[in-house]
Amino acid sequence: MTSIAAAAGKVQFIPKDGGSYFYESFSCQQAVTLGYGGIQFTLQGPAGGSVAFELQTSASCNASDTGNYTSSYNVISGLTGSQQTIDLPLLGFDNNPNYDAIVGLVWSEFSQTNAIWSVGNIKLTCGAVAVPTTTAASTTTLSSTTRSIVPTSTTRSVITTVTRSSASPTATACSNLLIDDWESQSRLTFLGYNAMNQASNDDGTMSSIVVSNHRVLLTPKNQESYFYSQFGCLNTNDKYGGISFRIRAARGTTFTVQMSYFATCGSSTGRKTISMTSTQLKWTFDGTERLYWFPFSVFTGLDTTKLDMIYFSSFNAAVILGPMSFYCGSTASECILPSLPPPANTGASPTVPAPSSNAKPFVIDTFANKDTNSLGQWHGGDDGMTVTFGKNSITIRTNDSDLGWNTQLASTCFDMTPYSTAYLHVAYSGSNKFSIALQQHNAHCDDSIKPYPETWDSLEAARYSFITTGGKSDIYIPISHFHINLTRTIGFNLRGFFSPSESTTITLLEIIPSIPSGISIPHKLPSGTLVFACTRPNSFAFAIDDGDPHLAPRVMSIVEAAQIPVTFFTVGLPLLDPSTNLSKIYRDMASKGHQIALHSYTHPKMEGLPTVQDIDWEYQNDIGAVRQTFPSSKISPYFRPPFGTEGARMRQRLVENLGNEKAYIVGWSVDVEDWLWAESETPEKQLEAFKRDLKAGGNLVVMHYLYESTVGYLEEFIQLAKASGKRLMRVDQCMEDPEAPPLT
């Protein structure tokens, strides 16, 4: 598989090629004797797709027979593109299998590679075959022939020649090879990869590149702007006939398409190019989106056995491209993307009654004053937010999910325990696509001591939103749903806004003892633990985020010389790129006792992603990449959100995808500010920032090995931490995690 990950009750994978398969083995099952009548599982694949399903059976369940198996097949076809429940009766398989000695199941010959498939909830069904819960795909039993099968990932002996159904057109047919589906803004513009995990970039020549809804908007600065997508010296001969993609451009738009190839694969020289203008390709545009394509034959002299990249240039206007792929044979076809699977357990139900409280109500904010709230405490927004005050209201608009609006309860710790059975009420209009956090002060109730705030819990505003009498929009959240220490709260923070095109107007924040009749409150979704500091007394942890692979060996050498364990938060996609060598580097680091933790798949602002499916895509691919790199290791429950951007949705989905309510969202209390100073004229300010936060009580570091200057200061950072008298260790150790390795 190109990638594979298990989460939310299913395994999700992307087949690499025609030889990709997924199998389940188990102790021999006497299905007929035990009263089973069929096999049931959930399946999701591309609309119209098909997959071969293999039933492996032995002569009997005697120990002497179960080492060998015979394979029988059905083909499941006519998939809808949505998750379906497939029910296969124990009859109609070819090769007369022994249904009383089932030892394994295999899914293979996926009709479309480079597409997301999933299989889940695999079971033998009792008695008569269960009624499908959704429309089932069709299955076809095929006639017999033979082939050889040698599964490389199993240790049991196999029959290398088995009876096999004849190849069906859908099982062996060519399918479009995806170049880029424009799935992720950060994959393209932050990491510089396409869907083939090859380089794709504009090298800063474009005015902007915006990815949305599987489209990319290329806005050129001038005629020198360009954009390219590489293939990795690909042989398309006798299989793919050209490239197709949708284009939307204004009337009169022109640009140049350049195809390049190598004389010899693996050579950094010898690239040859052939160019055609959109006019020469006879492409015209009228402002609507249409499918465009070109056969390789129009690029005279193009060597299709060593294709290197497609290169767009000489734009005279902005262009929107849709999914781009190699099409099969001589007839152009469009690559139809599979829909992302629906997220599991989003918490839409159940709800519970809302009991009344004896707590005394009080108003927090009516927005009558720009500087203070109704309690006389500070309120205000982060720099960069657009906040407009109206008459007893504020309207918030931001395109940065990392920004928030704060309204404080007190200048020091505020005890909310008398209100633990009460409710936060927010009267609003407009978008409810944001999170609401209740912040917790540090143990000293001193904002000069790190960390401040110590932590918070975020809840999803939309889950607690209701349309009440008169069409008003209201949010009602039980204070008990904020899982923090209520004896030392700071205030409420509206954060994680994830719909830049929409605004939110708020007219009231208050604490109330009861909510209107007829409203039921959703149950609290697990959201993990947000940490900014070590909890183990006298501990200190270096938590280092991904950087430049060329600097990684130097980091490893410094850490090894200092004889300290550290934690590395790694981005998943570069792990799968052999050219980075990061998979080997991190395996070496893990073997020497360092912790390898999660940092997303493509490094986006997770809470800013538009849908829960997009968030799941990041987690599932990240988990899959780490599992592929460390197949025998348990996936770490520690996750550092890129840019530190946190919110309710990304926290809830982390817990769901890890299947671990004890997931950690890891921030920092020591920031070397490499992002600000490393490439400035005063890189030494990184050292000053480290000393400042260390002096203020910080003990959990964020830094990257992106820059020479930062790595150059690492040895001194370590010396300063040791000189403070603290013991240096991994993040899981400093959090007193019982599953962390013991201190040595």
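Modeller: Start with one pair in this predicted model. Cys28 and Cys61 form a disulfide, with their sulfur atoms 2.0 Å apart.

Colleague: What kind of bond is a disulfide?

Modeller: A disulfide is a covalent bond between the sulfur atoms of two cysteines. In this structure, Cys28 sits in strand β3 (residues 21–29), and Cys61 sits in the loop between β5 (51–57) and β6 (70–77), so the bond ties together parts that are 33 residues apart in sequence.

Colleague: How many disulfides does the structure hold?

Modeller: The structure holds five disulfides. Counting bonded cysteines along the chain, the pattern is 1-2, 3-6, 4-5, 7-8, 9-10.

Colleague: Which cysteine is joined to Cys174?

Modeller: Cys174 is joined to Cys328 by a disulfide, S to S 1.9 Å. Cys174 lies in the loop between α2 (169–172) and β13 (177–180), and Cys328 lies in strand β24 (residues 324–328), so this pair ties together parts 154 residues apart in sequence. The torsion about the S-S bond of Cys174 and Cys328 is about -75°, so this disulfide too is left-handed.

Colleague: Is Cys328 buried or exposed?

Modeller: Cys328 counts as buried, because its relative accessibility is 16% and the cut-off for buried is under 20%.

Colleague: Where do Cys413 and Cys445 lie?

Modeller: First the bond: a disulfide joins Cys413 to Cys445, S to S 1.8 Å. Cys413 is in the loop between β30 (405–408) and β31 (423–430), while Cys445 is in the loop between β32 (435–440) and β33 (455–460). The pair links distant parts of the chain, 32 residues apart. The torsion about the S-S bond of Cys413 and Cys445 is about -100°, so the disulfide is left-handed. Cys413 is buried at 19% relative accessible area, whereas Cys445 is partly exposed at 27%.

Colleague: Why is Cys335 too far for a bond with Cys328?

Modeller: Check the sulfur distance. The closest cysteine sulfur to that of Cys335 is in Cys328, 9.8 Å away, and so too far for a bond; the cut-off for a disulfide is within 2.5 Å. Cys335 is buried, with a relative accessible area of 5%. Cys126 is in no disulfide either, and its nearest cysteine sulfur, that of Cys61, is 16 Å away. Cys126 counts as exposed, at 59% relative accessibility.

Colleague: Now the helices. What describes two packed helices?

Modeller: Two packed helices are described by the angle between their axes and the distance between the axes. Here, helix α7 (residues 612–629) packs with helix α8 (residues 648–658) at an angle of about 45°, and their axes are 10 Å apart. The two helices are therefore oblique to each other. The crossing of α7 past α8 is right-handed.

Colleague: Which residues of α7 meet α8?

Modeller: In α7 they are Val612, Ile615, Asp616, Tyr619, Gln620 and Ile623. They meet Arg649, Met650, Arg653, Leu654, Asn657 and Leu658 in α8. The residues of this contact divide into seven nonpolar, two polar and three charged.

Terms used
Residues numbered from 1 in each chain as written. Predicted model: local features only at pLDDT ≥ 70, side-chain atom pairs only at ≥ 80, totals over all residues. Heavy atoms only, no water. Helix = DSSP H or I, 4+ residues; strand = E, 2+ residues; numbered from the N terminus. Buried < 20%, exposed > 50% of the residue type's maximum accessible area, 1.4 Å probe, protein only. Axes fitted to C-alpha atoms, helices over the stretch in contact; angles between N-to-C directions. Parallel < 35°, antiparallel > 145°, perpendicular 65-115°, else oblique. Left-handed = near helix turned anticlockwise from the far one by under 90°. Contact = heavy atoms within 4.5 Å. Nonpolar A, V, L, I, M, F, W, Y, C, P; charged D, E, K, R; others polar.
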